[in-house]
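Subject: Structure for you to look at

Hello,

Here is the structure I promised you. Please open it next to this email and follow along.

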Amino acid sequence: MKFFIDTANLAQIKEAHDLGILDGVTTNPSLMAKEGVKGEEAVMKHYLTICELVDDGDISAEVLSTTVDEIIEEGKKLAAIHPQIVVKVPMIKDGVKALKWFSDNGIKTNCTLVFSAGQAILAAKAGANYVSPFIGRIDDSNWDGVELIKQISQIYKIQGYKTEILAASIRSPLHIVKCAEAGADVVTSPLEPILGLLKHPLTDIGLAKFLEDAKKMRAELAGVK
Ligand SMILES: O=P(O)(O)OC[C@H]1O[C@](O)(CO)[C@@H](O)[C@@H]1O
């Protein structure tokens with residue numbers, strides 16, 4: 001399973017990249033706004049900086065348009081920023097038409113705002129490279145986000161669809177583990193749940209004991225001399 005970081009914060013992207021486990025980045029208009037990136041030129045520049053920071057891997061950049069012609073025009077501009085850019089398109093009727101156009105014209109896409117298996121089938125039929133089910137938001141509405149990942153994974157296997165399942169709206173380390181178990185190809189998560197995977201109290205206790213024993217042994221050896 002690939003790991004993407006879900007942020008537009010450059011320091012956090014660098015931290016995940018330096019950990020050596022980063023395969024890509026996803027952003028959305030809310031995340032760009034959170035970093036204070038405003039205006040077309042500033043947004044384009046920020047995407048370029050992210051691409052240069054993550055020397056390899058897909059960087060999702062979301063369109064703001066909602067009609068097919070405008071989505072295509074905006075997507076072409078985004079794709080021209082850098083070869084790593086993947087155009088993120090919403091799951092709406094015009095979005096599906098645009099996904100097909102991008103697929104026919106060699107531009108990579110990520111179909112976003114997916115909340116059902118039916119939507120995931122349409123995204124795959126239209127040739128999306130990634131489909132993004134929002135598992136945290138599904139959980140928030142009293143459904144089971146991880147179950148949706150399982151269902152899409154099963155359907156894609158049966159039907160031989162090549163679209164990769166990108167589990168989005170991740171809220172915890174357990175979400176990441178459950179998505180891996182459910183067959184997600186990629187998980188996009190904020191930095192905190194990724195770092196949360198490192199933690200286990202028994203690791204800390206075990207390491208403290210090993211270090212203490214090694215210190216004792218070194219002291220004994222020094223005493224023998
Ligand atoms: O529910 P949240 O935490 O706002 O997450 C929304 C998700 O939408 C996305 O735009 C999908 O890629 C991600 O950036 C994010 O994982």
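Three helices each supply at least two residues of the lining of the second largest pocket: α2, α3 (40-53) and α4 (68-79). Keep in mind that this is a predicted model. Of the three, α3 gives the most, with four residues. The pocket has a volume of about 270 Å³. Its lining has 13 residues, and Glu40, Val43, Glu62, Leu64 and Glu74 lie nearest the centre. By class, that lining divides into seven nonpolar, two polar and four charged residues.

Now stay with Glu62. Which residue forms a salt bridge with Glu62? The partner is Lys88, and the closest N and O atoms are 3.5 Å apart. This pair links distant parts of the chain. Lys88 sits in strand β4 (residues 85-90), Glu62 in strand β3 (residues 58-62), and 26 residues separate them. Are the two partners buried or exposed? Buried means under 20% relative accessible area. Lys88 has 5%, so Lys88 is buried. Glu62 has 14%, so Glu62 is buried too.

Next, the largest pocket. About 470 Å³ of space lies in it. It is lined by 27 residues, and the closest to its centre are Asp6, Asn28, Leu31, Arg137 and Ser169. Here α2 (29-34), β5 (109-114) and α10 (191-196) each supply at least two lining residues. The largest share, four residues, comes from α2. The lining has eight nonpolar, eleven polar and eight charged residues.

Back to salt bridges. The structure holds 13 of them.

- Arg171 pairs with Asp140, with the closest N and O atoms 2.8 Å apart. Arg171 lies in the loop between β7 (164-167) and α9 (173-182), and Asp140 in helix α7 (residues 135-140), so the pair ties together parts 31 residues apart in sequence. Arg171 is partly exposed at 43%, while Asp140 is exposed at 52%.
- Lys216 pairs with Asp213, with the closest N and O atoms 3.9 Å apart. Both lie in helix α11 (residues 201-224), three residues apart, about one turn of the helix. Lys209, Glu212, Asp213 and Lys216 are linked in a network of salt bridges.

Last, the rings. The count comes to four aromatic pairs. In one of them, the ring centres of Tyr156 and Tyr161 are 5.5 Å apart and the planes stand at 90°, so the pair is edge-to-face. Tyr156 is buried at 5% relative accessibility. Tyr161 is partly exposed at 22%.

Best wishes

Methods:
Residues are numbered from 1 along each chain as its sequence is written. This is a predicted model: local features need pLDDT of at least 70, side-chain atom pairs count only at pLDDT 80 or more; totals for chains, interfaces and linings use all residues. Side-chain values use heavy atoms; hydrogens and water are left out. On a 1 Å grid over the protein atoms alone, a cavity is a set of points where a 1.4 Å probe fits but cannot get out, and a pocket is an open set with protein on both sides within 12 Å along at least five of seven lines; lining residues have an atom within 4 Å of a point. Grid points are joined across faces, edges and corners, and a volume is the space filled by probe spheres set on the points. Ala, Val, Leu, Ile, Met, Phe, Trp, Tyr, Cys and Pro count as nonpolar, Asp, Glu, Lys and Arg as charged, and the others, Gly among them, as polar. Rings of Phe, Tyr and Trp (its six-membered ring) pair if their centres lie within 6.5 Å; planes under 30 degrees apart count as stacked, over 60 as edge-to-face and the rest as tilted. Buried means under 20% relative accessible area, exposed over 50%, partly exposed in between (1.4 Å probe, protein chains only). A salt bridge is a side-chain nitrogen of Lys or Arg within 4 Å of a carboxyl oxygen of Asp or Glu.
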